[in-house]
Amino acid sequence: MTARRLSAAALTAAAIVGAVALPASAADHARPDRTKVEISAVQYDSPGQDDRSRRSLNKEWVELTNTSRRTVNLDGWTLKNEDGDTYTFDHYRLEGRATVRIHTGRGHDTDSDLYMDRHNEVWDNHSDTATLRNDHDRFIDDASWGHHRHGGHEGRHHGGGHHH
């Protein structure tokens, strides 16, 4: 009987030590700040007349914001409309807590403005979806307008399936 009691006491002590040690070890491996890039705004209907001029095309844009503190390398990421027109980011890094505007028309890329170099509008004025995917083709975010999604509301969908 004494051996049984000692064995039970040892098992109980081991369970208590294990339970106490587990949270301490989990705390030692805190998750790093996750990078979070989202579509923060879309100007799909260029103000004024849509005449395909450089000025008109550059007033059509999508903004991406990095809400994390860490710089995100967007090289190979894509921004696509429902028709399959795709812009692929080439050697671009979005600083932490920064926003970049991707214009439809032509221009000189800067840290805060990128250009698709298109000669026609990309975003449909009536209904479309801008979809952002990473370099592994994993869904990151999208923004829709003119659609009757989810019970008749226009939708925003962020990577985790949350709707706004």
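Colleague: What makes S9 and strand S10 (residues 139–145) a pair?
Modeller: S9 and S10 are joined by six bridges, in the antiparallel sense. Two strands pair if DSSP finds at least two bridges between them, so S9 and S10 qualify. One of the partners: Ala 130 bridges to Ala 143 in S10. This is a predicted model, where local features need pLDDT of at least 70, side-chain atom pairs count only at pLDDT 80 or more, and totals for chains, interfaces and linings use all residues. Residues are numbered from 1 along each chain as its sequence is written, and side-chain values use heavy atoms, with hydrogens and water left out.

Colleague: What lies between S9 and S10 in the hairpin?
Modeller: Five residues. Asp 137, in the turn, has a positive phi of about 65°.

Colleague: How do you know that strand S4 (residues 78–80) pairs with S9?
Modeller: S4 and S9 share three bridges, again antiparallel. Thr 78 has Arg 133 in S9 as its bridge partner.

Colleague: Why is strand S9 (residues 128–133) called mostly covered?
Modeller: Five of its six residues are buried. Buried means under 20% relative accessible area (exposed is over 50%, partly exposed in between; 1.4 Å probe, protein chains only). For the protein chain, 31% of the 164 residues count as buried.

Colleague: What makes up the secondary structure of the protein chain?
Modeller: Two helices and twelve strands. Both are DSSP runs, numbered from the N terminus: helices are H or I with at least four residues, strands E with at least two. The order along the sequence is α-β-α-β-β-β-β-β-β-β-β-β-β-β.
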